[in-house]
Amino acid sequence: MAVQIVTDSTSCIERAYAAAHRVELIPLTFSYQGREWEDGFAGESQDIFQDKEQSFHTSQPPVERFQRVFQAALDQGREVVAVLISAGLSGTANSARLAAGMTTAPSRIHIVDSQNTAIVLKFLVERAVELAEGAAQSGEPCVM
């Protein structure tokens, strides 16, 4: 069975990589000086962080955002592996768990708390992609 890899915007995944490997990226929301915006792919939000004196805040993605992505993958006959920012840093993994329970096949959704963020999370996502693509080519079950 095909596997859909999902991650969040703290993973440092670039847009081209995500497109080439069908990785679904769920953005966190940043707030700064009363403004809010969704984080994007690696390198796409850097101009926002030029003011080093200011404090930024993040918000986990809404449960409904995960639910839509998960359900779409399930409807395409895919398993879902979501490799996400550490639960110790964000409620993102919890949102994903709640969303999985709102789908038609929660047992086909696997939430991975990376216990990391940034470059380590990127490495874990890339490894998940390698395993999923290798299993798809060999016809063997994907073991993460």
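Me: Hi! How do strand S3 and S4 pair, and over how many bridges?
Reply: Strand S3 (residues 29-32) and S4 pair in the antiparallel sense, over four bridges. Two strands count as paired if DSSP finds at least two bridges between them. Helices (H or I, at least four residues) and strands (E, at least two) are DSSP runs, numbered from the N terminus.

Me: What kind of model is this, and how are residues numbered?
Reply: This is a predicted model, where local features need pLDDT of at least 70, side-chain atom pairs count only at pLDDT 80 or more, and totals for chains, interfaces and linings use all residues. Residues are numbered from 1 along each chain as its sequence is written, and side-chain values use heavy atoms, with hydrogens and water left out.

Me: What holds paired strands together in general?
Reply: Strands of a sheet pair through backbone hydrogen bonds, either parallel or antiparallel.

Me: Which strands make up the sheet with parallel pairing?
Reply: Four strands, in the order S2-S1-S6-S7, form that open sheet. Its edge strands are strand S2 (24-26) and S7, and the twist averages 20 degrees from one strand to the next. Within it, strand S1 (residues 3-8) and S6 pair over five bridges, with Val3 opposite Glu79 in S6.

Me: New topic: where does H3 lie?
Reply: H3 lies across S1, S6 and S7, running at about 170 degrees to S7.

Me: Which residues of H3 are buried?
Reply: Thr92, Ala93, Ser95, Ala96, Ala99 and Ala100. They cover an arc of only 155 degrees around the axis, so they sit on the same side of H3. That arc is taken from the directions from the helix axis to the C-beta atoms. Buried means under 20% relative accessible area, exposed over 50%, and partly exposed in between (1.4 Å probe, protein chains only).

Me: What do they pack against?
Reply: The buried residues of H3 pack against S1, H2, S6 and S7. Contact here means heavy atoms within 4.5 Å.

Me: What does Arg65 pair with?
Reply: Arg65 forms a salt bridge with Glu38, with the closest N and O atoms 2.6 Å apart. Arg65 lies in helix H2 (residues 63-75) and Glu38 in strand S4 (residues 35-38), so the pair ties together parts that are 27 residues apart in sequence. Arg65 is partly exposed at 24% relative accessible area, and Glu38 is partly exposed at 44%.

Me: And where is the salt bridge partner of Glu79?
Reply: Glu79 forms a salt bridge with Arg108, the closest N and O atoms being 3.8 Å apart. Glu79 is in strand S6 (residues 79-84), while Arg108 is in the loop between helix H3 (92-100) and strand S7 (109-113), 29 residues apart.

Me: How far apart are the closest N and O atoms of Arg127 and Glu130?
Reply: They are 3.0 Å apart, in a salt bridge. Arg127 and Glu130 are three residues apart in helix H4 (residues 118-138), so about one helical turn separates them.

Note on methods:
A salt bridge is a side-chain nitrogen of Lys or Arg within 4 Å of a carboxyl oxygen of Asp or Glu. Axes are lines fitted to C-alpha atoms, for helices over the stretch in contact, and angles run from 0 to 180 degrees between N-to-C directions.
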